[in-house]
Amino acid sequence: MKKILKNTVLVLLALLLLAACAVGIEYFGGQPMGLFSGSRPTGLGITDGKFKPPSWKPNTVSSMVAKDDSHYIEPLKFDGAPDVAWKKLTALIHANKRAKVIIGSPDYLYAEYKSAGMGFVDDVEFALDMRNSAIQVRSSARLGVRDFGVNRKRVETIREAFNAK
């Protein structure tokens with residue numbers, strides 16, 4: 001009987017601990033800047049015509065690095081008026097419930113994307129490149145080394161929506 005009672009207490013304690021962890025993750029991860037949000041990086045924006053270069057970590061994609069760089073991703077290309085393309089892009093970003101636009105100007109947009117559950121934050125930048133009929137892009141995880149392709153997939157999802165008629 002003592003063994004059954006002891007095992008029951010241990011199971012209940014384990015369940016209580018699990019519930020406390022789930023509540024903690026939901027509470028901290030659900031905040032505007034959650035437990036896994038990290039700090040907003042410095043050096044964002046365009047400097048000398050370029051985005052901040054990616055670090056050695058494979059958790060960033062950028063259209064402003066050499067094409068043979070593993071971080072490279074194609075910019076968003078457009079035909080027609082640059083202001084129309086820019087408005088289309090900004091509408092797409094504003095419509096995404098995981099995106100929070102921090103800076104929005106006529107030729108630069110910076111948004112923070114927050115993951116579901118854990119609240120990881122990625123920094124995503126766009127710059128209108130009228131000369132090349134393109135929108136340059138940089139998407140980077142704040143924390144960790146690997147992002148399991150999340151930033152590349154995000155940009156490709158945005159590209160698909162951007163190119164949809």
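I call a residue buried under 20% relative accessible area, exposed over 50% and partly exposed in between, with a 1.4 Å probe and protein chains only. The model is predicted, so I note its limits: local features need pLDDT of at least 70, side-chain atom pairs count only at pLDDT 80 or more, and totals for chains, interfaces and linings use all residues. Residues are numbered from 1 along each chain as its sequence is written, and side-chain values use heavy atoms, without hydrogens and water.

Entry one: helix α2.
I took helices (H or I, at least four residues) and strands (E, at least two) as DSSP runs, numbered from the N terminus. Which residues of α2 are buried? I found A85, W86, L89, T90 and I93. They lie on the same side of α2, because they cover an arc of only 130 degrees around the axis, taken from the directions from the helix axis to the C-beta atoms. On the other side of α2, I found V84, K87, H94 and A95 exposed.

I then looked up contacts (heavy atoms within 4.5 Å). The buried residues of α2 pack against β2 (76–77), β3 (99–104), β4, β5, β6 (134–141) and α3.

On a 1 Å grid over the protein atoms alone, a pocket is an open set of points where a 1.4 Å probe fits, with protein on both sides within 12 Å along at least five of seven lines; lining residues have an atom within 4 Å of a point. I noted 20 lining residues for the largest pocket, with S115, F120, D122, V150 and R154 nearest its centre. α3 gives the most to this lining, with three residues.
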